[in-house]
Amino acid sequence: MKELKLYTIQYVGLKEGEHTFEYTITKSFFDLFNYDDFNDASVEATLLLTKKSTFMEFDFNISGTININCDVTNEPYDQPISGSYELVVKFGQEFNDDIEDVLILPFGEYEVNVAQYIYELIVLSMPNKRVHPGIADGTLKSDILEKLEELSIPDQRAKEEKEETDPRWDSLKKLLTDK
C-alpha cells in the first residue's frame with residue numbers, strides 16, 4: 001500500500017533525542033482501512049519520537065473533529081475528539097506486538113509504520129454513544145425526533161401520580177417499599 005508509505009518512519013538515520021512528526025488525517029485515511037463509519041475527518045496527529053540507544057518511545061497525540069451520524073436521529077454532526085497513546089519500541093529476535101503498549105522489532109529492521117496506531121487511537125477516542133449536541137440542549141428539530149417522541153411510552157410514574165388512590169391503600173403501599 002503506497003498510501004500508507006507516508007506513515008513509515010525510518011528511525012535508523014535519526015540521532016538520539018526527540019523528533020516530531022505531524023500528520024493531517026482526513027476521510028481518505030480511513031478509506032485505506034475500509035472503515036466507513038465516518039462521513040468526514042479533520043484530525044491533527046502529532047508523534048513525538050524519543051530515540052534512545054536501546055529503545056524508542058512514541059507519544060501519539062490527536063485532536064480534531066470527526067463528522068459522524070447521530071445514533072439517535074442519524075443526523076450528521078461534528079464530534080470533537082482528542083486522545084493520546086504511548087508506545088515503547090524495543091528490539092529483539094523477532095517481531096512481537098502481543099504486549100499492549102510494547103512493540104518488539106527484529107534487530108535488522110530500520111523503519112516502522114505508525115498508521116495502524118494512529119487509526120486505532122482515533123477510532124478508540126470516539127464516544128461509545130454518539131449523540132448530536134442539539135438533542136441534549138433541545139435545539140435540534142428533526143422528523144425522527146418528533147416520531148420518537150410520538151411513539152415513546154409515557155412515563156409510568158407520571159401516570160401513577162395522576163391517578164388518585166384510595167388513602168386506605170397508601171399505607172399498604174408503604175409496606176412494599178419498606179423492605
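Biologist: Which residues lie nearest the centre of the largest pocket?
Modeller: In this predicted model, F95, D97, L103, Q116 and Y117 lie nearest the centre of that pocket. They belong to a lining of 15 residues.

Biologist: What volume does the largest pocket have?
Modeller: Its volume is about 200 Å³.

Biologist: And how do the lining residues divide into nonpolar, polar and charged?
Modeller: Nine residues of the lining are nonpolar, two are polar and four are charged.

Biologist: Which strands and helices supply at least two residues of that lining?
Modeller: Strands β5 (76-92), β6 (102-106) and β7 (111-113) each do, as does helix α2 (115-124).

Biologist: Let us turn to Q79. Where is its place?
Modeller: Q79 is located in strand β5.

Biologist: Does Q79 count as buried or exposed, and why?
Modeller: Q79 counts as buried because its relative accessibility is 13%, and the cut-off for buried is under 20%.

Biologist: What does the side chain of Q79 make a polar contact with?
Modeller: The partner is the side chain of Y77, at 2.8 Å. Leaving aside residues up to four places away in sequence, Q79 also touches G64, T65, I66, I68, M126 and P127.

Biologist: What separates the C-alpha atoms of Q79 and A41?
Modeller: The separation is 9.5 Å, although the two residues are 38 residues apart along the chain.

Biologist: A change of topic: how many aromatic pairs does the structure hold?
Modeller: There are 15 aromatic pairs. One of them joins F30 and F38 edge-to-face, with 4.9 Å centre to centre and 85° between the planes.

Biologist: Are F30 and F38 buried or exposed?
Modeller: Both F30 and F38 are buried.

Biologist: Which residues do ring pairs link into a cluster?
Modeller: The cluster consists of Y7, Y23, F29, F30, F33, Y35, F38 and Y119.

Definitions and conventions: Residues are numbered from 1 along each chain as its sequence is written. This is a predicted model: local features need pLDDT of at least 70, side-chain atom pairs count only at pLDDT 80 or more; totals for chains, interfaces and linings use all residues. Side-chain values use heavy atoms; hydrogens and water are left out. Rings of Phe, Tyr and Trp (its six-membered ring) pair if their centres lie within 6.5 Å; planes under 30 degrees apart count as stacked, over 60 as edge-to-face and the rest as tilted. Buried means under 20% relative accessible area, exposed over 50%, partly exposed in between (1.4 Å probe, protein chains only). On a 1 Å grid over the protein atoms alone, a cavity is a set of points where a 1.4 Å probe fits but cannot get out, and a pocket is an open set with protein on both sides within 12 Å along at least five of seven lines; lining residues have an atom within 4 Å of a point. Grid points are joined across faces, edges and corners, and a volume is the space filled by probe spheres set on the points. Helices (H or I, at least four residues) and strands (E, at least two) are DSSP runs, numbered from the N terminus. Ala, Val, Leu, Ile, Met, Phe, Trp, Tyr, Cys and Pro count as nonpolar, Asp, Glu, Lys and Arg as charged, and the others, Gly among them, as polar. Contact means heavy atoms within 4.5 Å. A polar contact is a pair of N or O atoms within 3.5 Å; within protein, one must be able to donate a hydrogen and the other to accept it, and residues adjacent in sequence count only if both atoms are side-chain atoms.
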